[in-house]
Amino acid sequence: MSTNPLLAPFDLPHQAPPFDKIEGSHFLPAVKQAIEEARGNIEAIKAASGEATFENTIVALETASERL
């Protein structure tokens, strides 16, 4: 599969997606990869050995699935 435009950084103003490059077949692989990334981010938060703080717990959880 070629590069999925939904997984690449958006370089248009306001981080708008490149709608002219997106096909229906891009959505499912992008969502699956974003879910795996979010799971990995949450596992990293859970595995952190330091003291839990607002920044390394709440903020980290809030942004763990940002790509999704």
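**View 1. Leu61 is partly exposed, at 42% relative accessibility.** Partly exposed lies between buried, under 20% relative accessible area, and exposed, over 50%, with a 1.4 Å probe and protein chains only. The model is predicted: local features need pLDDT of at least 70, side-chain atom pairs count only at pLDDT 80 or more, and totals for chains, interfaces and linings use all residues. Residues are numbered from 1 along each chain as its sequence is written, and side-chain values use heavy atoms, with hydrogens and water left out.

**View 2. Leu61 belongs to helix α2, residues 54-63.** Helices are DSSP runs of H or I with at least four residues, numbered from the N terminus. Not counting residues up to four places away in sequence, Leu61 touches Ile42 and Ile45; contact means heavy atoms within 4.5 Å.

**View 3. Leu61 and His26 are 26 Å apart in space, C-alpha to C-alpha.** In sequence, 35 residues separate Leu61 and His26.

**View 4. His14 has a positive phi, near 60 degrees, and is a residue other than glycine.** His14 sits in the segment before α1, the helix of 27-47. With a relative accessible area of 83%, His14 is exposed.

**View 5. Gln15 is not a glycine, yet its phi is positive, about 55 degrees.** The segment before α1 also holds Gln15. A relative accessible area of 62% makes Gln15 exposed.

Technical notes: Helices (H or I, at least four residues) and strands (E, at least two) are DSSP runs, numbered from the N terminus.
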